[in-house]
Amino acid sequence: MLERPNRDAVTTIRTDGSRPFLFPADVRGRFASFRSISAFGLIIFYFALPWIKINGHPAVFLDVANRRFHLFGFTLAAQDLWLMFFVITGLGFTLFFVTALLGRVWCGWACPHTVFLDHVYRKIERWIDGDAVQRRALHAAPWTPGKISRRIAKHTLYVLVSAVITHLFLAYFVSLPEVWAMITAAPGAHWGAFVFIGLATGALYFNFAWFREQLCIVVCPYGRIQSALIDDHSLVIGYDTARGEPRSNRRAAARKEHDAVHSHQAAQATAAPADTGTDTAATGDCVDCLRCVQVCPTGIDIRQGLQLECIGCTACIDACDTVMTRLGRPRGLIRYDSQEGFSGKRTQWIRARTFLYLALLLIGAAVALWALSTVKPMNLEVTRMTGAPYVVDAASVRNQFLVRLVNKQHLPAHFTVRVTEGPSDLRQVGLESTIEVGPLAEVVQPLILQQPRDRYTGPFAFRVEVESKETSALLSRRVEFVGPEARLLREEAVK
């Protein structure tokens, strides 16, 4: 018999700390169909990104080894990673805004954990072990050859799917050709990647084969912070208490449905109502069939109100709508609505919370667009050579630098380097001619600056400028020319 959930305790964690394994029942309905279409679209999207080429590179390619990050045709160098601050905060404000408006729609519809668990791993489980009743019976059954063979088949598929997802994830960082080269080579040739694939595959297998809903309840912080993001006007999945309570007896409701099928019994019931033991006029639409509990992937009873474990998967909506349709009652006893809507009041979509989150989102997007507009197709770094900060000889004071030029474009680029804002007698040695840098490549060359010893008056600042001939972009870096005090040089010259 299905154990009734308790709002005061997590359903999937017993009082002794052990974890009961859930077997959510299958459900069909409009939301289940929409979620399947959405999930498979997202899975195709995840798998297609490393294959789709934009400007000669995958749509998403985080080339950590070469410090290049390709995002839908836009290339960032390691020096541009400060822009990720705007990306991360933008995603955060977007999540805040969507949650305040639509509740946990992300968890139920787009979270990769939910997508792969519900639409890949659980489909494998249902295909091999059967429906919820069969899975529960198989779980409680003793170990027989049939049970062992089913377990081997199911978990073998789990491992294979986990390995495929891991290799796909690795392709985001090393590209598909490189992943294929790693697969076809001996494990020792790429031992680091081999260990990563093994550990990541094991982690995915553990999560999707056993941990499952515990990730949402125990690990993911989103369920805990949602109470700070939503209010009574946020769209959530809930139970219409006013319409459903008090609940009627299931057997009496089933008897009433059976009697409605037979017209002569219905006529007799009209003339002399049968005693069903339940005052149907005083009961609500909920027949306490527990179907909403049976299909819940986290094992909660949505009729007890909004709870941390609810991920907004809509399974309870489809289950309840199916029961209501069979009973000839209106659908929507469990539905998408706000807490205000369930209490018969009007939902306010535009309110202080959503306005604030939207304003922060728009401000962040504007700043992000501005930041992206400042990204140059090249990068310049000027560092002092290791060793003595300066060299003094009989004729001059000399500083030595390393100039690093990075070409972020997908075509070769030509750069001109010059020194400005320094003394007119400052002499540049190195980088006098145009420098060619290949596509997405970098060049490091020395730059030596000399000033005549008798004209040296002390440390001073100057600029190193680099200009691209292809784009006319200009970058500059302020650098300091260091040396001894001029007084010491004069005293040494007198001696």
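This is a predicted model: local features need pLDDT of at least 70, side-chain atom pairs count only at pLDDT 80 or more; totals for chains, interfaces and linings use all residues.
1. Now for the helix itself. α2 covers residues 84-102, which makes 19 residues. At 1.5 Å a residue it should span 27 Å, and its end C-alpha atoms are 26 Å apart, so the two values agree.

2. Which residues of α2 are buried? They are Phe 86, Gly 90, Phe 97, Thr 99, Ala 100 and Leu 101. These buried residues pack against two other helices, α10 (222-229) and α17 (352-373).

3. Phe 85 has a relative accessible area of 53%, so it is exposed, the cut-off being over 50%. Phe 86 is at 17%, and because buried means under 20%, Phe 86 counts as buried.

4. The whole structure holds 17 aromatic pairs. In one of them, the ring centres of Phe 85 and Phe 86 are 5.4 Å apart and the planes meet at 75 degrees, so this pair is edge-to-face. Elsewhere, ring pairs join Phe 45, Tyr 46 and Phe 116 into a cluster.

5. Finally, the largest pocket has a volume of about 1,400 Å³. Among the 35 residues lining this pocket, Tyr 46, Leu 49, Leu 91, Trp 106 and Pro 112 are the closest to its centre. α2 contributes the most to the lining, with seven residues. What kinds of residues make up the lining of the largest pocket? There are 32 nonpolar and three polar residues, and no charged ones.

Definitions and conventions. Residues are numbered from 1 along each chain as its sequence is written. Side-chain values use heavy atoms; hydrogens and water are left out. Helices (H or I, at least four residues) and strands (E, at least two) are DSSP runs, numbered from the N terminus. The expected span of a helix is 1.5 Å times one less than its number of residues. Buried means under 20% relative accessible area, exposed over 50%, partly exposed in between (1.4 Å probe, protein chains only). Contact means heavy atoms within 4.5 Å. On a 1 Å grid over the protein atoms alone, a cavity is a set of points where a 1.4 Å probe fits but cannot get out, and a pocket is an open set with protein on both sides within 12 Å along at least five of seven lines; lining residues have an atom within 4 Å of a point. Grid points are joined across faces, edges and corners, and a volume is the space filled by probe spheres set on the points. Ala, Val, Leu, Ile, Met, Phe, Trp, Tyr, Cys and Pro count as nonpolar, Asp, Glu, Lys and Arg as charged, and the others, Gly among them, as polar. Rings of Phe, Tyr and Trp (its six-membered ring) pair if their centres lie within 6.5 Å; planes under 30 degrees apart count as stacked, over 60 as edge-to-face and the rest as tilted.
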